[in-house]
Amino acid sequence: MEGFLVILPVVIVIAAGWVLGRRMVTPEAFSQINRILYWVAMPSLLLRLIGGADMSAVADWNMLAVVYLSFFIAPLVPWVLGRMAGEPPMRTAGSLLMVIRSNTVFIGIPVVSMAVGERGLQVLSAYLAFTFAGYQVVSILWAQLILSGGLSWRAVRGTVSNLFRNPLVVATFTGIFLAVSGFNDFPAWVEETLKLLGNIGSGMALLSLGASLNLEGLAGMLPRTLRDVSLKLLFLPALTWVLFRFLPADPLVSGTVVLVAAMPVAVDCYILSQVLGMDSDHTAETITASTILSGLTLPFWVSVLSFSS
């Protein structure tokens, strides 16, 4: 019950967004809001979180080892299951992409803030700083490997090039530079500007996410997406938890990382699936189903991890 109460505000805000998207606000309006979030609000939030973090206090080599091991191990399961089921490469590639791409920013930040507190946000800042760009590259290369049967230098170069056009990645690397170099004692006016811009990000992102959910045909959607949803919401966090048993870290660090792994599928997987030629319809359904069912699984993980803010 306590775990559910922790994420209840997130559920309520997403539900409010769904109502707004059906009753009051047009999809075009939310599309414009998403552009503001993508180019301004969320980069400001990341820059403030990562740039202001004390990396030496929260960075952990075991944490990095566990995270990157999960990025390389977890996709093997949907790959094997896809081959056993005789799925086309475009479907299997999408499954590999989705199993390790968590909705870390739009849902992860508010959930970690409520479940773990300020110390959890510091851990999340280090997590984003040291893994955000890496997971972008690894997940996309995994998907391209399945689609094409191999990797080419052109594909790798294109993936890396696109990363540096992503404002979230640029904000992440800028924050890393500021944190490592020590130039992260922001003047008051800069701190307040980033805070104002970042504060509109999480709540508005949850509203926008709710507005994008398509609940029509949900009953038929769940059986089609159950495997991929289970891999994302249950298998990946369980794998991460097991890896931490072999590579121990501070309980708050390991717990926060496991909680991040338990987040639903990242919304940008839909865009990537379209661009890379995957089964985008299945990806959209999986994003919707994982977001809805995370309302049940996230309280479970919060309770199991027993956070004390």
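Biologist: What volume does the largest cavity have?
Modeller: This is a predicted model. Its count comes to two cavities of 30 Å³ or more. The largest cavity has a volume of about 60 Å³.

Biologist: Which helices each supply at least two residues of the lining of the largest cavity?
Modeller: The lining includes Val-67, Leu-236 and Val-260. Three helices each give at least two lining residues: helix 4 (61-73), helix 12 and helix 13 (251-261).

Biologist: How many charged residues are in the lining of the largest cavity?
Modeller: Among the lining residues are Ser-70, Phe-71, Ile-100 and Tyr-127. By class, the lining has eight nonpolar residues and three polar ones. The number of charged residues is none: no charged.

Biologist: How much space lies in the second largest cavity?
Modeller: Phe-71, Thr-104, Tyr-127, Leu-128, Thr-131, Phe-132 and Tyr-135 line the second largest cavity. Five of its lining residues are nonpolar, two are polar and none is charged. The space there is about 40 Å³.

Biologist: Now the pockets. Which helix gives the largest share of the lining of the second largest pocket?
Modeller: This pocket holds about 380 Å³ of space. Of its 21 lining residues, those closest to its centre are Leu-45, Arg-48, Leu-49, Glu-118 and Leu-121. Helix 2 (27-51), helix 7 (104-115), helix 8 (118-148) and helix 11 (188-212) each supply at least two lining residues. The largest share, six residues, comes from helix 11.

Biologist: Is Ser-44 buried or exposed?
Modeller: Ser-44 sits in helix 2. Beyond its neighbours within four places in sequence, Ser-44 is in contact with Leu-194, Leu-197 and Gly-198. Its relative accessibility is 8%, and the cut-off is under 20%, so Ser-44 counts as buried.

Biologist: How far apart in space are Ser-44 and Asn-199, C-alpha to C-alpha?
Modeller: In sequence, 155 residues separate Ser-44 and Asn-199. In space, C-alpha to C-alpha, they are 9.0 Å apart.

Biologist: What percentage of contacts between residues at least 6 apart in sequence join residues at least 24 apart?
Modeller: The chain has 15 helices and zero strands. Of its 309 residues, 50% count as buried. Among contacts between residues at least 6 apart, the share joining residues at least 24 apart is 86%.

Biologist: How far apart are the end C-alpha atoms of helix 10?
Modeller: Helix 10 covers residues 167-181, which makes 15 residues. At 1.5 Å a residue, helix 10 should span 21 Å. The end C-alpha atoms agree, at 21 Å.

Biologist: Which residue just after helix 10 takes a positive phi?
Modeller: Helix 10 has buried residues, including Leu-168, Ala-171, Gly-175 and Leu-178. Just after helix 10, the phi is positive, about 90°. The residue is Gly-182.

Biologist: On which residue is the kink in helix 12 centred?
Modeller: The 29 residues of helix 12 should span 42 Å at 1.5 Å a residue. Its end C-alpha atoms are 39 Å apart, which agrees. Helix 12 has a kink of about 65°, centred on Thr-225.

Note on methods
Residues numbered from 1 in each chain as written. Predicted model: local features only at pLDDT ≥ 70, side-chain atom pairs only at ≥ 80, totals over all residues. Heavy atoms only, no water. 1 Å grid on protein atoms, 1.4 Å probe; cavity = no way out; pocket = protein on both sides within 12 Å on 5 of 7 lines; lining within 4 Å. Points joined across faces, edges and corners; volume = space filled by probe spheres on them. Helix = DSSP H or I, 4+ residues; strand = E, 2+ residues; numbered from the N terminus. Expected span 1.5 Å × (residues − 1). Bend = angle between axes of the 7 residues up to and from the residue. Nonpolar A, V, L, I, M, F, W, Y, C, P; charged D, E, K, R; others polar. Buried < 20%, exposed > 50% of the residue type's maximum accessible area, 1.4 Å probe, protein only. Contact = heavy atoms within 4.5 Å.
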